[in-house]
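Me: Got a model open here and I'd like to talk it through. Can you take my questions as they come?

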Amino acid sequence: MNNLQLPEVTPSASAVVTRPSVKRRIDPIDAPARPLGTKRLALIAKRSNAAASTSDRHAERIAEGDTLLANHDGTVTFLLRATRYGLLMERTQRQASGMRLVQTMVFHDVKSFDRWCAVEPLRFDDGLLFSKLGRQGHAAFAIHP
């Protein structure tokens with residue numbers, strides 16, 4: 001009467017599936033650094049020697065009564081010298097690649113110095129150095145009125 005058949009139970013497959021052995025490929029960024037070539041090593045040595053000699057170069061230019069101001073990393077320096085013609089200021093801006101911009105200015109009076117300070121972009125970048133520059137500049141004008 002009843003043609004219903006019971007299902008046959010087959011043994012189950014193993015629960016652990018084995019994968020073929022896969023080795024992780026090393027990404028080139030994870031690999032150890034290649035040794036530097038001779039040209040690159042020479043360039044790095046040249047830059048480090050140039051940075052070391054910069055402080056010596058400033059020491060030679062500073063005379064009695066001069067003021068040298070520099071920011072925390074030495075990329076911007078100001079050399080102030082009071083003369084009978086006014087305030088001589090040398091602004092040096094150095095970049096990491098070795099480029100250097102040197103500007104030399106003479107301010108005949110405090111008014112022209114204050115006008116230059118009003119437009120100097122350093123006032124936003126390094127306020128402490130800028131305030132020292134203003135104080136030392138005004139002090140230099142007091143020496144030679």
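Me: What does glutamate 120 touch, not counting residues up to four places away in sequence?
Reply: Glutamate 120 touches Phe78, Arg91 and Phe130, where contact means heavy atoms within 4.5 Å. This is a predicted model, so local features need pLDDT of at least 70 and side-chain atom pairs count only at pLDDT 80 or more, while totals for chains, interfaces and linings use all residues. Residues are numbered from 1 along each chain as its sequence is written, and side-chain values use heavy atoms, with hydrogens and water left out.

Me: Where is glutamate 120?
Reply: Glutamate 120 is in the loop between helix H2 (110–119) and helix H3 (122–125). Helices (H or I, at least four residues) and strands (E, at least two) are DSSP runs, numbered from the N terminus.

Me: Is glutamate 120 buried or exposed?
Reply: Glutamate 120 counts as buried, at 5% relative accessibility. Buried means under 20% relative accessible area, exposed means over 50%, and partly exposed is in between (1.4 Å probe, protein chains only).

Me: And what joins the side chains of glutamate 120 and arginine 91?
Reply: A polar contact of 2.8 Å. That term covers a pair of N or O atoms within 3.5 Å; within protein, one must be able to donate a hydrogen and the other to accept it, and residues adjacent in sequence count only if both atoms are side-chain atoms. The two side chains also meet in a salt bridge, at 2.8 Å from N to O. For a salt bridge, a side-chain nitrogen of Lys or Arg has to be within 4 Å of a carboxyl oxygen of Asp or Glu.

Me: Which parts of the chain does that pair link?
Reply: Distant ones: glutamate 120 is in the loop between H2 and H3, arginine 91 is in strand E3, and they are 29 residues apart. Both glutamate 120 and arginine 91 are buried.

Me: How many salt bridges are there in the whole structure?
Reply: Two. Aspartate 66 forms one with arginine 81, with the closest N and O atoms 2.7 Å apart. Aspartate 66 lies in the loop between H1 and strand E1 (67–70) and arginine 81 in strand E2 (residues 76–83), so the pair ties together parts that are 15 residues apart in sequence.

Me: Buried or exposed, that aspartate 66?
Reply: Aspartate 66 is buried, with a relative accessible area of 14%. Arginine 81 is partly exposed, at 27%.

Me: Switching to rings. How many aromatic pairs does the structure hold?
Reply: Four. In phenylalanine 107 and phenylalanine 113, the ring centres are 5.4 Å apart and the planes are at 75°, so that pair is edge-to-face. Rings of Phe, Tyr and Trp (its six-membered ring) pair if their centres lie within 6.5 Å; planes under 30 degrees apart count as stacked, over 60 as edge-to-face and the rest as tilted.

Me: What about phenylalanine 107 and tryptophan 116?
Reply: They form a tilted aromatic pair, 5.8 Å centre to centre with 50° between the planes. Both phenylalanine 107 and tryptophan 116 are buried. One aromatic cluster is formed by Phe78, Phe107, Phe113, Trp116 and Phe141.

Me: Back to the strands. Where is threonine 92, and what is it in contact with?
Reply: Threonine 92 is found in strand E3 (residues 86–94). Leaving aside neighbours within four places in sequence, threonine 92 is in contact with Thr75, Val76, Thr77, Arg100, Leu101 and Val102. Threonine 92 is buried, with a relative accessible area of 8%.

Me: And threonine 104, buried or exposed?
Reply: Threonine 104 is exposed, with a relative accessible area of 51%. Its place is in strand E4 (residues 100–107). Threonine 104 and arginine 91 are 13 residues apart in sequence and 6.3 Å apart in space, C-alpha to C-alpha.

Me: Last one: how many helices and strands does the protein have?
Reply: Four helices and four strands. From the N terminus on, the elements run α-β-β-β-β-α-α-α. Of the 145 residues, 22% count as buried.
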